[in-house]
Amino acid sequence: MRQRSLLILTSVLATGALTLSACGSRSDDDKKSSDGGGNSAGTSSTTVVIGVDAPLTGANSATGLGIQYGAQIAVDDANTKKLVPGVTFKIKALDDKAQPATGQQNATALVAESDVIAAVGPLNSGVAQSMQQVFDSAKMVEISPSNTNPALTQGKDWATGTKTRPFKSYFRTATTDANQGNFAADYAAKTLNKKNAFVVDDKQTYGAGLAGIFKGKFQSLGGKIAGTDHVNTGDSDFSTLVTKIKNSGADILYYGGQYDESELITKQLKAAGVHIPLMGGDGMYSDTYIKTAGAAAEGDLVTSVGVPVDTLPAAKTFIDTYKAKGYPGDYGTYGGYSYDATTAIINGVKAVMDANGGKLPSDARAKLIDAVQKTDFDGIAGHVSFDEFGDTTNKQLTVYQVKSGKWVAVKTGEYTG
Amino acid sequence: MHTLPQQLANGLFIGSMYGLIAIGYTMVYGIVQLINFAHGEIYMTGAFGALAVYTNLPDGMSIWAALPLMLAGGAIVAVLIAVGAERLAYRPLRNAPRLAPLITAIGLSLALQQAVFLWYPHATAGKHFPQLPGDGFDIGSVSVAPGDIFLVVAAVVCMSALATFVRTSRTGRAMQATAQDPDTAQLMGIDTNRIIVIAFAIGGLFAAVAGLASGLKYGQIKYDMGFQAGLKAFTAAVLGGIGNIYGAMLGGVVLGIAESCASAYISNIPGMQQLGGEGWKNVWAFVLLIIVLLLRPQGLLGERVADRA
């Protein structure tokens, strides 16, 4: 029997070790930090570092890289234009691999470095949950260009109307899923005239939250829910789910989650002969989705935060720079918001320094929280200012649809009750 | 229950893939009693090898013409890595305590994964894999995609070839002898080192076939795809009776069908709504493993063998 018990023991040990190791790998992206600009900033130049946290490799990395390089361009612009005299800004980008635990480590690492003044990110709401406390204890501003889960700014009882802001240091330039999910349900029920929705989510903070809001609104508009299911992130076989959807008689599939899974779901769905559109949120609005799903993506829909970046005259230079530099990732989803979030920090630093006679005070991080709260400027992706919860006052949303292999904006507006 | 044929087919397809990978676990275990945890990564490198060949083929070449070359490329990469791992990592530890090669296997698994992550161009996110042309079609109430056909045909062909090889060829019989008792086999003039290398090579070859089939089926391969697939295939091998090649294939198919039926039907049982669905399929796969191991500790087709140690 010795051999068998050893087999069982080693299997258990190995399973545990492999599970741990799956979240343990990370690459060092510190080297990617900016070295652009600021060469002629004079002798009294101070360097101020803005941390960036997003998934830069693996799942969600296409949209995550858009955040990193959006911030990079904002910093380069500030340095060339000398927005804050005597200060050279730098980016320190860390990869959270869309894992909450890694995000928390990164937050701790950023807080520990005295020249890091504030942070942009993360991409995922679930990762943000694990980072907010770390930044708040250090009185350090965190602005996410992409988190949409309402509870992050409005507390966990937001749905019942009792909104309390949990962290004073947390801001976001993306509007919440309370708006996005309702906006999507409105479009599906009223414009597309869909009656029967199958709702799937990825069990993550963002995906499950968004799918729940969509489901509630769709039902209150008289729609039926043909079924619900939950998938594991990182899976690639969805044939069982596809069979269920096929037999449910649904006329639309709503997916709360990221492009990594939904691009495979839509492909397997259409391959099984189920020609209903898949609709999702901003986490799915990525060119990678269309590239992977190919023809199967045709007719699929997403809602995303803000107005389309390429229709904004202010964003033209940004897009040109992004393309000219050949940066990887998709700037379309959050790149503009990341630029604006970074600019809000840069403006805040300027305000803090102006109030202190042109020098950076010793408690600059704490002072920056108040400065960012007072943010009020026209960014490249729209007006930037924050309400009493740290939410953006820009509540624009856009529905995009895949037409001839491209995301085409079909409706832009604000969600109004 | 009118979806049952389709769900069984779904399970069969994914199960064939588990089975193909499980062959590598079971053959190596059968001969050297080593759980080669790096085998999932060999499956992954097989898929990347096939993709590397495809990217370097001239544009406009038909996928059917490219397929044999991709298979050859994937197989060469996977077999070389499997054999190299045996020669460099496992053979020096052949007589070491059993935990040592196991930890080596885990280390090797991580090393291979990170190597592809770092050095394969743009492998930090999912890579697109070419697709077989043509749409899916229906057989009765079951809809099937071209990639599924490739997978099942590949599994059947590989399995029958392996069965014939092990039963009838001289080397195959030498493998059986080595599995029964390596020392006596060596005394009878069998080069056991050669047999062990062949076992690793066959495992690598099957993993490469599975890797190619997976790429064709899902249209995407990732540097970390070997982790979960390897874990599932190992489960399939244990379920079928580790050391038994037919058991590995049967275990794979049983596991695949159990997964697909569990996620399809458990939520229909009153009171079990919360425990069904896609998100729970891994849980049910392991519940099945535990039940089978409780009732038949040697696995479905495994034989109760006396302890050698």
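## Two domains in chain A

Domain bounds, as the term is used here, come from an automatic or database domain assignment. For chain A of this predicted model, that assignment gives domain 1 (29–175 + 312–386) and domain 2 (178–305 + 398–414), and the C-alpha centres of domain 1 and domain 2 of chain A lie 29 Å apart. The contact between them takes 18 residues from domain 1 of chain A and 18 residues from domain 2 of chain A, where two residues are in contact if their C-beta atoms, placed from the backbone, lie within 7 Å. On the domain 1 side, α2 (61–81), α4 (125–137) and α12 (331–354) of chain A each supply at least two residues; helices (H or I, at least four residues) and strands (E, at least two) are DSSP runs, numbered from the N terminus. Sorted by class, this side of domain 1 of chain A has five nonpolar, 12 polar and one charged residues, given that Ala, Val, Leu, Ile, Met, Phe, Trp, Tyr, Cys and Pro count as nonpolar, Asp, Glu, Lys and Arg as charged, and the others, Gly among them, as polar.

Residues are numbered from 1 along each chain as its sequence is written, while chains are lettered from A and ligands numbered from 1 in the order in which they are written. Since this is a predicted model, local features need pLDDT of at least 70 and side-chain atom pairs count only at pLDDT 80 or more, whereas totals for chains, interfaces and linings use all residues.

## Chain A as a whole

Chain A has 13 helices and 14 strands, and 58% of its 417 residues count as buried. A residue is buried if 20 or more other C-beta atoms lie within 10 Å of its own, exposed if 12 or fewer, and partly exposed in between, with C-beta atoms placed from the backbone. Among the contacts in chain A with a separation of 6 or more, 76% are between residues 24 or more positions apart.

## The nonpolar cores

A nonpolar core is a set of buried Ala, Val, Leu, Ile, Met, Phe, Trp, Tyr and Cys residues joined through C-beta atoms within 7 Å. In the largest one, which has 124 residues, Ile50(A), Val52(A), Leu253(A), Ile345(A), Val349(A) and Leu368(A) touch the most other members. Helix α12(A) gives the most to this core, with 11 residues, and because domain 1 and domain 2 of chain A both give residues to this core, it lies between them.

Leaving out residues up to four places away in sequence, Leu253(A) touches Phe198(A), Val200(A), Ile245(A), Leu269(A), Ile276(A) and Leu278(A). A second, separate core of 92 residues includes Phe13(B), Leu71(B), Met175(B) and Ile195(B).

## Individual residues in chain A

Phe318(A) is placed in helix α11 (residues 316–325) of chain A, and it counts as buried because it has 24 C-beta neighbours inside 10 Å. Apart from neighbours within four places in sequence, Phe318(A) is in contact with Ile73(A), Gly336(A), Tyr339(A) and Ile380(A).

A cis peptide bond, with omega about -5 degrees, joins Gly121(A) and Pro122(A), and Pro122(A) is in the loop between β3 (116–120) and α4 of chain A. Lys97(A), which is not a glycine, has a positive phi of about 50 degrees; it is in the loop between β2 (87–95) and α3 (100–112) of chain A and is buried, with 23 other C-beta atoms within 10 Å. Asn193(A) also has a positive phi, near 60 degrees, and is in the loop between α6 (177–191) and β6 (196–201) of chain A, but Asn193(A) is exposed, with 10 other C-beta atoms within 10 Å.

Chain B has 11 helices and four strands, and buried residues make up 52% of its 309 residues. Its C-alpha trace spans about 55 × 55 × 35 Å along the principal axes. An unreviewed UniProt entry lists several stretches of chain B as "transmembrane region", among them residues 97–120 and 195–213; such annotations are given in the numbering used here, with feature names shortened, and may be inferred rather than shown by experiment. In the model, residues 97–120 of chain B are 88% helix and 0% strand, with end C-alpha atoms 35 Å apart, and residues 195–213 of chain B are 100% helix and 0% strand, with end C-alpha atoms 27 Å apart.

The contact between the chains takes 37 residues from chain B and 38 residues from chain A. On the chain B side, α1 (4–32), α4 (99–119), α9 (225–240) and α10 (245–265) each supply at least two residues, and by class this side has 16 nonpolar, 18 polar and three charged residues.
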